[in-house]
Amino acid sequence: MGEPPIGDVFGEMIRDAYAVRTGVGPRPLAGGRVPRPVIEVIERDDGLINGAPVDHYLDEPGDWQPHDHRALRLCRGHVLDIGVGAGRTAVELQRRGMAVTGLDTSAGAIAVARERGLRDTVLNTVDAYASASARYDTFLLLGNNLGLLESAERAPVLLDALARLANPGARIIAQGTDPYGTTDPVHVAYHRRNREKGRLGGQLRLRLRYRLLATPWFDYLNCSAAELEALLEGTRWSLKAVDDTDRPYYLAVMELRE
């Protein structure tokens, strides 16, 4: 049958999950009658397959992890929520009276975020949006979106784009995952394989699958706080704080150098 077609996998998943949750609009049905859960399939380049329910992208604050709440308390000024998805975080900031813009590359996700009430959205990549006139005081990379740094080669490019969008004194608040506490031999072997290739151990090579669609293969970075600090060297950002209360998950606060 060959390779699956490339499409807006994330958007299709989010739209279906939103329809299942609200009961409004076309939604996947088991046996043509019963709404079925929407599952995100994650395929890694070593052949590992994982799946996770998509519904958590729609969670209200009562269902959030503690570090999500701590992250929002660090926000100030005009916020750019990068990888806004279904608007989980941005809608809550908007409810609190903050100026927030949601940016995503998924048209389907942006459509759901707007349906949920998010007023200010941007359908674009960070790189392309960096030429805009808008300026921000806080950049959010939550939901493990520190992974959007991708790699040692890509990280300074993304960080430079954010610096061009930043007001003086701006900060990045990012949630990441330290991958190295695991003893799972599948993951330990993957970290070793990456290092042998000259990659960071937790540098994932992934694609997402949903129904008939796939994304292109992409890099997504799980790194330790020490690795993050090394990635910031030579950029306009410095690591100011790391909150690892919920380890292996952590919050990193980076500030624009003067």
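UniProt positions are given here in the numbering used for this structure, with shortened feature names, and the annotations may be inferred rather than shown by experiment. In an unreviewed entry, UniProt lists residues 79–169 as "domain: Methyltransferase". The structure is a predicted model, in which local features need pLDDT of at least 70 and side-chain atom pairs count only at pLDDT 80 or more, whereas totals for chains, interfaces and linings use all residues. Residues are numbered from 1 along each chain as its sequence is written, and side-chain values use heavy atoms, with hydrogens and water left out.

The protein chain contains 8 helices and 14 strands; these are DSSP runs numbered from the N terminus, helices being H or I of at least four residues and strands E of at least two. The chain is as compact as a globular protein of its length, because its radius of gyration, 18 Å, is close to the 18 Å that the globule rule gives for 258 residues. That radius is taken over C-alpha atoms, and the rule is 2.2 Å times the number of residues to the power 0.38. Of the 258 residues, 47% count as buried, where buried means under 20% relative accessible area, exposed over 50%, and partly exposed in between (1.4 Å probe, protein chains only). Within residues 79–169, the chain is 34% helix and 24% strand.

Just after helix 1, glycine 23 takes a positive phi of about 75 degrees.

The whole structure holds 22 salt bridges, each a side-chain nitrogen of Lys or Arg within 4 Å of a carboxyl oxygen of Asp or Glu. In one of them, arginine 209 meets glutamate 43 at 3.7 Å, N to O. This pair links distant parts of the chain, with arginine 209 in strand 10 and glutamate 43 in strand 3, 166 residues apart. Arginine 209 is partly exposed, at 25% relative accessible area, whereas glutamate 43 counts as buried at 16%. Strand 10 also carries arginine 205, which lies 14 residues from aspartate 219 in strand 12; the side chains of arginine 205 and aspartate 219 meet in a salt bridge of 3.3 Å.
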